[in-house]
Amino acid sequence: MLSGEQFGRLFTTFERTAFRLETLAEYDVEEEREEISRFLAGEDMGPDWSDNPWVRAMTDKGKQVSRVHVLTSPLTDYLRYELAAYPGNIKAGESIGIIDLAEQAVTGLPDHDFWLFDDSRVYRMHYTENGAFLGAEPLPAEKLGAYQGYRDLALARAVPFADYWERRH
């Protein structure tokens with residue numbers, strides 16, 4: 001399994017595309033705790049909130065970054081925070097879709113997160129019960145086709161984030 005730092009290097013070395021399927025209602029990311037507290041208190045989130053520099057560092061190089069978040073409303077505080085940040089990711093060039101299982105039944109997707117890089121490398125993400133990152137497991141080449149299929153299904157069934165967000169606000 002790749003640690004956080006090892007896994008993080010993949011975002012500087014992929015060449016064309018990075019896709020994430022996101023499935024948890026709660027992630028425990030130490031670097032986000034202070035920001036989540038500010039968000040929940042209604043405080044100003046700062047300039048990175050409206051144009052995510054992490055995403056921009058990839059998209060400015062012509063790379064495509066996309067995700068589909070599978071969730072079930074009503075939203076947890078964490079999901080409200082995360083989804084409120086998505087417009088800044090989109091402004092920075094990320095494509096984001098939502099599958100809300102309270103609105104549509106979607107079967108055939110895995111119950112875990114993964115990243116697919118350049119349609120050639122797939123990593124299954126592992127988390128604790130509380131959503132803390134444990135590591136990224138590189139999956140063997142024979143699993144690649146299945147994960148490409150999961151990506152295609154997720155993209156086909158996802159509602160564009162802007163449409164989903166507009167209905168909620």
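Predicted model: local features only at pLDDT ≥ 70, side-chain atom pairs only at ≥ 80, totals over all residues.

Biologist: Okay. Is L144 buried or exposed?

Modeller: L144 is buried, because its relative accessible area is 17% and the cut-off for buried is under 20%.

Biologist: What does L144 touch, leaving out residues up to four places away in sequence?

Modeller: L144 touches L116, D119, S120 and R121. Look at V122 too. L144 and V122 are 22 residues apart in sequence, yet their C-alpha atoms are 6.5 Å apart in space.

Biologist: You mentioned S120. Where is S120 found?

Modeller: S120 sits in the loop between strand 4 (114–117) and strand 5 (121–127). With 44% relative accessibility, S120 counts as partly exposed.

Biologist: How far apart are the C-alpha atoms of S120 and L134?

Modeller: They are separated by 23 Å. Along the chain, S120 and L134 are 14 residues apart.

Biologist: What about phi for D118?

Modeller: D118 has a positive phi of about 50 degrees, although D118 is not a glycine. D118 is in the loop between strand 4 and strand 5. D119 lies in that loop between strand 4 and strand 5 as well. Phi of D119 is near 55 degrees, again positive in a residue other than glycine.

Biologist: Is D118 buried or exposed?

Modeller: Buried, at 7% relative accessibility. D119 counts as partly exposed, at 33%.

Biologist: New topic. What's going on at A85 in helix 4?

Modeller: There is a kink of about 25 degrees at A85. Helix 4 covers residues 77–91, and the kink comes shortly before the proline P87.

Biologist: Which residues of helix 4 are buried?

Modeller: Quite a list: Y78, L79, Y81, E82, L83, A84, A85, Y86, G88 and N89. So A85, where the kink lies, is among the buried ones by the under 20% cut-off.

Biologist: At what angle do helix 2 and helix 4 pack?

Modeller: About 90 degrees, with their axes 10 Å apart. That makes helix 2 roughly perpendicular to helix 4.

Biologist: Which residues of helix 2 and helix 4 meet?

Modeller: From helix 2, E35, I36, F39 and L40. From helix 4, D77, Y78, R80, Y81 and A84. By class, the contact has six nonpolar, no polar and three charged residues.

Biologist: What comes just after helix 4?

Modeller: G93 is there, with a positive phi of about 115 degrees.

Biologist: Where does P74 lie?

Modeller: P74 lies in the loop between strand 2 and helix 4. The peptide bond from S73 to P74 is cis, with omega near 10 degrees.

Biologist: Let's switch to R20. Where is R20 found?

Modeller: R20 is in strand 1. At 11% relative accessibility, R20 counts as buried.

Biologist: Which side chain makes a polar contact with the side chain of R20?

Modeller: The side chain of Y127, at 2.9 Å. Beyond neighbours within four places in sequence, R20 is in contact with several residues, including Y27, S66, V68, D113 and W115.

Biologist: D113, you say. What polar contact does the side chain of T23 make?

Modeller: The side chain of T23 pairs with the side chain of D113, at 2.5 Å. T23 is in the loop between strand 1 and helix 2. Among the other contacts of T23, leaving aside neighbours within four places in sequence, are V70, P110 and H112.

Biologist: Last one. Where does G97 lie?

Modeller: G97 lies in strand 3, and at 7% relative accessibility G97 counts as buried.

Biologist: And what does G97 touch, not counting residues up to four places away in sequence?

Modeller: G97 touches R67, V68, H69, A158, V159 and F161.

Methods
Residues numbered from 1 in each chain as written. Heavy atoms only, no water. Bend = angle between axes of the 7 residues up to and from the residue. Helix = DSSP H or I, 4+ residues; strand = E, 2+ residues; numbered from the N terminus. Buried < 20%, exposed > 50% of the residue type's maximum accessible area, 1.4 Å probe, protein only. Polar contact = N/O pair within 3.5 Å; in protein donor to acceptor, adjacent residues only side chain to side chain. Contact = heavy atoms within 4.5 Å. Axes fitted to C-alpha atoms, helices over the stretch in contact; angles between N-to-C directions. Parallel < 35°, antiparallel > 145°, perpendicular 65-115°, else oblique. Nonpolar A, V, L, I, M, F, W, Y, C, P; charged D, E, K, R; others polar.
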